[in-house]
Amino acid sequence: MNIAHWLLDAAQRWPQRPALFEGSHLVADYQAFAAQARNRALQLRHELGIAPGDRVALLMKNSCAYLELFYAIWWSGAVAVPVNSKLHPLEAAWIVGNAGARLVYTDAGCTFDGLALPAGCRELAAPGLAEPTPLPGDALLAPHPRLDSDLAWLFYTSGTTGRSKGVMLSHGNLVAMSLCYPLDVDAASADDAVVYAAPMSHGAGLYNFIHVRSGARHVVPASRGFQAAELFELAQTLERVSLFAAPTMVTRMVEQARLQGYAGEGIKTIVYGGGPMYLADLDQALAVFGPRLVQIYGQGECPMSITALSREAIADRGQADWAAIAASVGRAQACAEIRVLDPAGQPVAAGEAGEIVVRGAAVMQGYWDNPQASAAALVDGWLHTGDIGFLDERGYLTLTDRCKDVIISGGSNIYPREVEEVLIEHPEVFEACVVGEPDAHWGESVVAFVVPRPAGNLDALALNDWFLARMASFKKPKKYLFCTELPKNSYGKILKTRLRQWLKDPAGSLNDL
Ligand code: AMP
């Protein structure tokens, strides 16, 4: 099934329901949204020569036009290639070329000026929202027929550990992922307003489907990005707001909420995921926002749908093992089966750490044009996530780290995540990130990059005492490096590669990381 049927269906059932908002301003109902998507699909097919299966890239900041183009692409049977709008044009051009895109929409239509786009690819400015024009004939009245296995979305990984790869997500993958949302994440209804505060090229964009299916409102903030104060204002105006946010965004929301005395009014649900949420930060978020938080764990290769930790489990602080549950990523979602394997590929016992593998209907079809990487990631139908963690007897999964991030010091495995958890608990630490550094004696040693809270008095000695009072000394950082900010990508993920690079070649100040 072509997932664009969900938009057609919503428009037939609820033509006048409000669909697209720029800030708090309504710009299209469901009928107009679907008519625009269909018109643009016809334009793609007849004026721009896009055939079913062709790739069309989107290198744009969040906008309502982004949603229309998404559905136009799917309606026409083509494949969307959303590209992180904050990438350098050279990086973006690499992705566009790797995907073999025939067309790339950009905000102004001149991102690639002077740069060679791959042969056969054109750049076009994203169209503005316009009144739907009458349609020629009755062609494409319904979305172009697609099989569940046909590609819908080429999802380029954020590349925090190497060159970005194109994850092939089919229409069937996207349907399966979306159906898990009301089962495991949050009820979705027509009264909801989903706010796209995080980039639509990633997790936030993937949450459009279930909200189209439910006839909900889709809201792009006027800033076209994430600003906590703007978000709170929108929530109070529009009500029943839900959003996807990286943990670093949640931390910023907590800070801003404290500043203005806001307590989550108008927010229904904050779904967080995409990176570790430290217990100390979650505690603060609960204190400010109450039972509005749900966690998901996923990766491009099994988008948004490996596990979920429910609102109730997160908020139930009275429960004896709350800390263990809240530090986990929850239980398998409805379309995912999870195992934890030892290095020989055998399942380990409950409580033992190993590589997390997953299979199910949302798992990707493979990597685009990369059979070698596909074969390494998909073994006997199981996706090897590259994440390390353990399952407890009740089925809760706890992530300890990425395989590549584990530090092996003096023959012991040290998971940066647990060291970070202890550092973050310190009242004068705002952020911390731990990486390994080559060490002639130990193999690797632990290095902590720390962002102190302003007006504090933090030093390495104090942090060392704090650490040793809580954790085995072999895990203790050998070095504490203080900086004003940690380098992050536009999804809010901390760039550990950059920190490791800096350790290798400490050119420039720590504050310019
Ligand atoms: P991406 O494919 O860019 O979305 O990155 C996926 C990776 O982010 C996963 O493999 C995990 O390492 C990490 N990740 C995603 N969700 C969580 C979560 N809830 N907690 C900790 N790490 C996460």
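Predicted model: local features only at pLDDT ≥ 70, side-chain atom pairs only at ≥ 80, totals over all residues.
**A mixed sheet and its salt bridges**

E22 stands opposite V220 in β10. Residues are numbered from 1 along each chain as its sequence is written, and side-chain values use heavy atoms, with hydrogens and water left out.

Strand β1 (residues 18-22) runs parallel to strand β10 (residues 217-220), and three bridges join them. Helices (H or I, at least four residues) and strands (E, at least two) are DSSP runs, numbered from the N terminus; two strands pair if DSSP finds at least two bridges between them. In general, strands of a sheet pair through backbone hydrogen bonds, either parallel or antiparallel. Here, nine strands form an open sheet with mixed pairing, in the order β2-β1-β10-β9-β11-β12-β13-β14-β15. At the edges stand β2 (25-29) and β15 (331-332); each has a single partner strand, so one side of each is left without a neighbour in the sheet. Helix α2 (residues 30-47) lies across β1, β2 and β10, at about 65° to β2. For such angles, axes are lines fitted to C-alpha atoms, for helices over the stretch in contact (heavy atoms within 4.5 Å), and the angles run from 0 to 180 degrees between N-to-C directions.

Turning to the side chains, the structure holds 21 salt bridges, each defined as a side-chain nitrogen of Lys or Arg within 4 Å of a carboxyl oxygen of Asp or Glu. One of them joins R213 and D9, whose closest N and O atoms are 3.1 Å apart. This pair links distant parts of the chain, with R213 in helix α7 (residues 208-213) and D9 in helix α1 (residues 5-13), 204 residues apart. Both count as partly exposed, R213 at 31% relative accessibility and D9 at 22%; buried means under 20% relative accessible area, exposed over 50%, and partly exposed in between (1.4 Å probe, protein chains only).

Another salt bridge connects D192 with R240, the closest N and O atoms being 3.0 Å apart. D192 sits in the loop between α5 (171-185) and β9 (193-195), and R240 in the loop between α8 (228-238) and β11 (241-245), 48 residues apart. D192 is buried at 0% relative accessibility, whereas R240 is partly exposed at 37%. Both residues belong to a network of salt bridges that also links D186, K268 and R311.
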